[in-house]
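Subject: Structure handover

Hello,

Here is the structure I said I would pass on. My notes on what was found in it follow below.

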Amino acid sequence: MPLDSSDLAAIWLTIQLASLTTLLLLLIGTPIAWWLARTRSPLKGPVGAVVALPLVLPPTVLGFYLLVVMGPQGPVGQATQALGLGVLPFTFAGLVVGSVVYSLPFVVQPLQNAFEAIGARPLEAAATLRASPRDCFFSVVLPLARPGFITAGILGFAHTVGEFGVVLMIGGNIEGRTRVVSVQIYDHVEALEYAQAHWLAGGMVAFSFVVLLLLYTRRRGATVW
Amino acid sequence: MSILRIVLGLAASSVAASAVAGEVQVAVAANFTAPMQAIARQFEQDTGHKAVAALGATGQFYAQIKNGAPFDVFLAADDVRPARLEAERQTVPGSRFTYATGSLALWSAQPGYVDGQGAVLKQNAFRHLAIANPKAAPYGLAATQVLDKLGLAAAVKPKIVQGQSIAQTQQFVASGNAELGFVALSQVYKDGQLSAGSAWLVPGELHDPIKQDAVILAKGKDNPAAQAFVDYLKSPKAAAIIKSYGYQVAAH
C-alpha cells in the first residue's frame with residue numbers, strides 16, 4: 001500500500017478528532033436540542049438560526065473568525081491565556097473547538113426533530129405516573145429518541161471527517177497534531193504526489209458512501225438498531 | 001423605446017470596446033500579489049488591456065493549468081513549475097523568462113521582536129514559527145534551507161506551523177498566532193522600507209536563489225493581450241514597480 005507514515009498519522013488524527021467532536025457535540029447538543037424542541041420562548045427563532053449558521057457560512061468565515069477570536073489578541077485567546085492554556089490555533093484542542101462549532105447543526109437538528117416527534121403525550125403519561133422530569137427524560141425521552149441520536153452521531157462524525165477549510169485556516173498543518181486527512185490530500189495534490197492523493201481521496205469517497213448507506217438503509221428499516 | 005435604444009447603445013459600445021481592448025487571465029503566485037495589483041493598474045492605463053489576476057500557491061496553479069485552467073499567463077513563485085509546463089508542451093515555446101528574484105524575510109508583526117541579525121531564531125523563545133509549506137511554496141523551501149544552514153532545523157521543528165501559501169503564512173504572523181515567520185520580503189516591504197512590525201532580511205547565500213519565472217500558456221497563444229502583458233512585465237516601468245517591493249530584476 002502506498003500510504004506512508006504521515007498518511008497513517010493523518011488518518012488516526014482524523015478519527016480521534018471526529019470521535020471526540022462527536023462525543024462533545026452529543027453532550028452539548030442534547031440540552032440545546034431539547035430546549036429548542038420544547039420551548040415557547042421568543043428566543044427559539046434566533047437560537048435556532050444561530051445553531052444553523054455553520055450550515056450556510058463558508059468555512060473560510062468560520063476559520064477566519066476562529067483564528068482572530070482564539071488568537072492572542074482575541075477575547076477567547078485572552079481568556080485561554082489567562083487560564084494558562086496558551087492560545088488555541090495550531091493545537092489539537094483548537095481543532096476540536098473549531099469542529100464543534102462547524103458540526104453543531106448536524107447534531108442538534110436531528111436531535112431536535114427526534115424530540116419534537118415524541119410529542120407531549122408520553123411525557124404527560126409519565127408525569128401522571130409520578131416520574132420526575134429527570135427520570136422522565138432518561139427513561140422515556142432518551143429511548144424514544146434513540147434513532148435521532150444515532151443519526152446525529154453519524155452525521156456529526158462524518159461531517160467532521162469532511163472538514164477542510166476551518167482546519168486549513170487554524171491548523172498550521174502540523175503532522176500528528178493538526179494535519180488531518182483532507183489537508184494531507186491537499187498537500188499531496190499541491191506537491192504533485194497524485195498516487196498518494198488518489199489512495200486517500202478514494203478512501204474518503206468509500207468511507208463517505210458507506211456512512212451514508214448506513215444512514216439511509218437504517219432510515220428505511222428503523223427497528224434494525 | 002428610448003430605454004431599448006440606450007440598452008442597444010450600451011451593448012454596441014461594450015462590444016466595440018472589447019474588440020480593441022483585450023483581457024488577459026493571469027495566475028499569480030501569492031507573494032507577488034501587491035506588485036501585480038500595481039502593475040495591472042498601470043498596464044490597463046497604458047495599454048487599455050485588462051489583466052485579471054488569480055492569486056494562489058504555485059503548486060496548486062501547476063495542477064490546475066495541467067487540468068485545463070483558463071489562464072493565459074503564469075507568474076510562478078519558482079522556476080521549476082514553468083520549466084515543467086514547458087517540457088509538457090503546455091506553454092508558448094520560448095516565452096519563459098525570470099521576471100523577479102525574490103528575497104526572504106524573517107518577520108514579526110511586533111515592532112522590535114526580530115533583530116537585524118536573526119538572533120531571535122537561536123534564542124528560540126517563541127511558541128510558533130510560521131513557514132510556507134516547503135513542498136508547495138518556494139519561499140517555504142528557502143526557509144527550510146535557511147534553518148538547515150543555521151543548524152537550527154531540529155531545534156525549531158516542533159514549533160513550526162505551515163501555511164499553504166506564503167499569503168497564509170503571513171496571515172498567521174499578522175494575526176499574532178505565530179510570533180514570527182519566514183515570509184516574502186515583498187509582503188512586508190514597500191518603497192524601500194518595512195510597512196509593519198520588525199524583520200530580518202535573510203542573506204541570499206543562506207538559500208538557493210528564489211527565481212520567479214513567467215510563461216505564456218498554451219491557452220494564451222492567440223491572445224494579443226497576453227503577449228502585451230508579458231512585454232509590459234519586461235518594461236522598465238514594471239521593473240521599477242517590482243523593485244520597489246524588494247525584488248531583484250535582471251535586465252531583459
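This is a predicted model. I start with a strand pair in chain B: strand E1 (residues 23-29) and strand E3 (residues 73-75) of chain B run parallel to each other and are joined over three bridges. One residue of that pairing is B:Val26, whose bridge partner in E3(B) is B:Val73.

The pair belongs to an open sheet of five strands, in the order E2-E1-E3-E12-E4 (chain B), with mixed pairing. Strand E2 (50-56) and strand E4 (97-102) of chain B are at the edges; each has a single partner strand, so one side of each has no neighbour in the sheet. On average, neighbouring strands of this sheet are turned by 20 degrees against each other, direction ignored.

B:Val73 comes up again in the nonpolar cores. The largest nonpolar core has 80 residues, and B:Val73, B:Phe74, B:Leu75, B:Leu104, B:Tyr139 and B:Phe229 are those with the most contacts inside it. At least three residues of this core come from each of domain 1 (2-101 + 210-244) and domain 2 (104-201) of chain B. A second, separate core has 45 residues, including A:Leu62, A:Leu104, A:Val141 and A:Val167. As background, nonpolar side chains tend to be buried together in soluble globular proteins.

What does B:Tyr139 touch, leaving aside residues up to four places away in sequence? Its contacts are B:Asn31, B:Ala77, B:Gly102, B:Leu104, B:Ala132, B:Ile166, B:Phe182, B:Ala184 and B:Ile210.

On the domains: chain B is divided into domain 1 (2-101 + 210-244) and domain 2 (104-201). Their centres, taken over C-alpha atoms, are separated by 29 Å. The contact between them takes 15 residues from domain 1 of chain B and 15 residues from domain 2 of chain B. On the domain 1 side, helix H2 (33-47) and helix H3 (58-66) of chain B each supply at least two residues. By class, that side of domain 1 has seven nonpolar, seven polar and one charged.

Last, the contact between the chains. Chain A gives 17 residues to it and chain B gives 15 residues. On the side of chain A that touches chain B, the elements giving two or more residues are helix H3 (59-70) and helix H10 (181-190) of chain A. H10(A) gives the most, with three residues. That side of chain A is made up of 11 nonpolar, four polar and two charged residues.

Regards

Notes. Residues are numbered from 1 along each chain as its sequence is written. Chains are lettered from A and ligands numbered from 1 in the order in which they are written. This is a predicted model: local features need pLDDT of at least 70, side-chain atom pairs count only at pLDDT 80 or more; totals for chains, interfaces and linings use all residues. Two residues are in contact if their C-beta atoms, placed from the backbone, lie within 7 Å. Helices (H or I, at least four residues) and strands (E, at least two) are DSSP runs, numbered from the N terminus. Ala, Val, Leu, Ile, Met, Phe, Trp, Tyr, Cys and Pro count as nonpolar, Asp, Glu, Lys and Arg as charged, and the others, Gly among them, as polar. Domain bounds come from an automatic or database domain assignment. Two strands pair if DSSP finds at least two bridges between them. Axes are lines fitted to C-alpha atoms, for helices over the stretch in contact, and angles run from 0 to 180 degrees between N-to-C directions. A nonpolar core is a set of buried Ala, Val, Leu, Ile, Met, Phe, Trp, Tyr and Cys residues joined through C-beta atoms within 7 Å. A residue is buried if 20 or more other C-beta atoms lie within 10 Å of its own, exposed if 12 or fewer, and partly exposed in between; C-beta atoms are placed from the backbone.
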